[in-house]
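This briefing covers a sheet, the helices around it and a set of annotated positions. The structure comes first, followed by the notes.

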Amino acid sequence: MNSPPLLLLQQSLPPISPTENLIQLKTPLPVHNSIPGTRTPVSSSSSSSSSLSYIRACAGKTTRRVGGGRRGNPDDYHATLTALNSKGRFPRKSLGQHYMLDSEINEQLTAAANVGEGDVVLEIGPGTGSLTNVLISAGAFVLAIEKDPHMATLVSERFSETERFKVLKEDFVKCHIHSHMSSLLASIEPSSADSRYAKVVANIPFNISTDVVKQLLPMGDIFSEVVLLLQEETALRLVESSLRTSEYRPINIFVNFYSDPQFICKVPRTKFFPQPNVDAAVVKFKLKQPVHYPSVSSTKSFFSMVNSAFNGKRKMLRRSLQHICTPMEIENALGNVGRPATSRPEELSMDDFVKLHNLIVKV
Ligand SMILES: C[S@@+](CC[C@H](N)C(=O)[O-])C[C@H]1O[C@@H](n2cnc3c(N)ncnc32)[C@H](O)[C@@H]1O
């Protein structure tokens, strides 16, 4: 890189306006977040200035390299935060900006998706680029979507030397991710049958988790796996909610229809800066290819039926699905599925719902 990276950052990041929704820095960085190889003591003061001065102290003790392609270099990360802070930029709550402090978690996310040489990876919200750095070092080509234009500029400058990185300044919720990825995949010569599929690896803002899951899981035609850092409670709800529990919802049917989900590990809140009020977890969704989706005549009518069933959660299906056919027909269909005539939605597995749909919905 020709210019000193910190200078680049300072030039490109104007201070944010005081009216922006900022996260209050109430807690200092925890002791175990000190940079490996240094034993910087952490102030016990709870003032925001102590957090900032701690970061500055950490970064001051380390190399200030903000280049891409170096694996597991947490010094990069602290130097980047220092640059943000020196320009008066703070993490924004409205954008869920809780940055990962522990490069081992980034390594775990990358390993969970088996990211290797030549893989194409979509990263949502690269932020300062700490996870991006690990992905690129693993050999991936990374397409990142970043809503915060300041962070998009920062991360594109950080990785300006590599051709393995591209960032789009867009809101993931609104962007046409399928067409972006399809054209990217079409432009890359596949090195193996597997590399026809891209992967998603991301530490996403918790407030867009549902949008991300709903958009990406039905994209088994372009993604093979989706590895996300989610709020722990959301992760457990998506992966572990089972039949006959109050947490069992249409989203569980959705997740299992399109993927095989797996809870990888818990990530304590202390691993983020600023620290969120909740713990997180890594979840892997192994996407099914469209030929392997459960066989329904129409996914639209299938999920519409499942939603109707759960709308009247306490109701028996023979009542909540009356708009589709008569109670007698529903009872008969439940009998064919091997379920009692009095079944409620939480008693049916995804396969049961598929069979029920194919018996009662004529599309
Ligand atoms: C939890 S931070 C993670 C940052 C970084 N990946 C890390 O691990 O430190 C979430 C990032 O997503 C960005 N972001 C928030 N909402 C977004 C959206 N709708 N679309 C794309 N990026 C978004 C934030 O600006 C932030 O950089």
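In this predicted model, Ile145 stands opposite Leu168 in β4. The two strands involved, β3 (residues 141-145) and β4, pair in the parallel sense over 4 bridges. The points below start from this pair and move on to the rest of the sheet, the annotated positions and a pair of packed helices.

**Sheet**
- The open sheet is formed by 7 strands in the order β4-β3-β2-β5-β6-β9-β7, with mixed pairing.
- β4 (165-168) and β7 (259-267) are the edge strands, each of them pairing on one side only.
- On average, neighbouring strands of this sheet are turned by 20 degrees against each other, direction ignored.
- Helix α7 (residues 177-187) packs on the sheet, where it touches β2 (120-124), β3, β4 and β5 (198-203).
- The direction of α7 makes about 155 degrees with that of β2.

**Annotated positions**
- An unreviewed UniProt entry carries the annotation "binding site", which covers His98, Met100, Gly125, Glu146, Asp171 and Asn203.
- Gly125 sits in the loop between β2 and α5 (130-137).
- Gly125 counts as buried because it has 24 C-beta neighbours inside 10 Å, the cut-off being 20 or more.
- Asn203 lies in strand β5.
- With 26 other C-beta atoms within 10 Å, Asn203 is buried as well.

**Helices α4 and α5**
- Helix α4 (residues 103-112) packs with α5 at an angle of about 50 degrees, and their axes are 9 Å apart.
- The crossing in which α4 passes α5 is right-handed.
- On the α4 side, Ser103, Asn106, Glu107, Leu109 and Thr110 take part, and they meet Ser130, Leu131, Val134 and Leu135 in α5.

How values were computed
Residues numbered from 1 in each chain as written. Predicted model: local features only at pLDDT ≥ 70, side-chain atom pairs only at ≥ 80, totals over all residues. Pairing = 2+ DSSP bridges. Axes fitted to C-alpha atoms, helices over the stretch in contact; angles between N-to-C directions. Contact = placed C-beta atoms within 7 Å. UniProt positions renumbered as here; feature names shortened; annotations may be inferred. Buried ≥ 20, exposed ≤ 12 C-beta atoms within 10 Å, placed from the backbone. Left-handed = near helix turned anticlockwise from the far one by under 90°.
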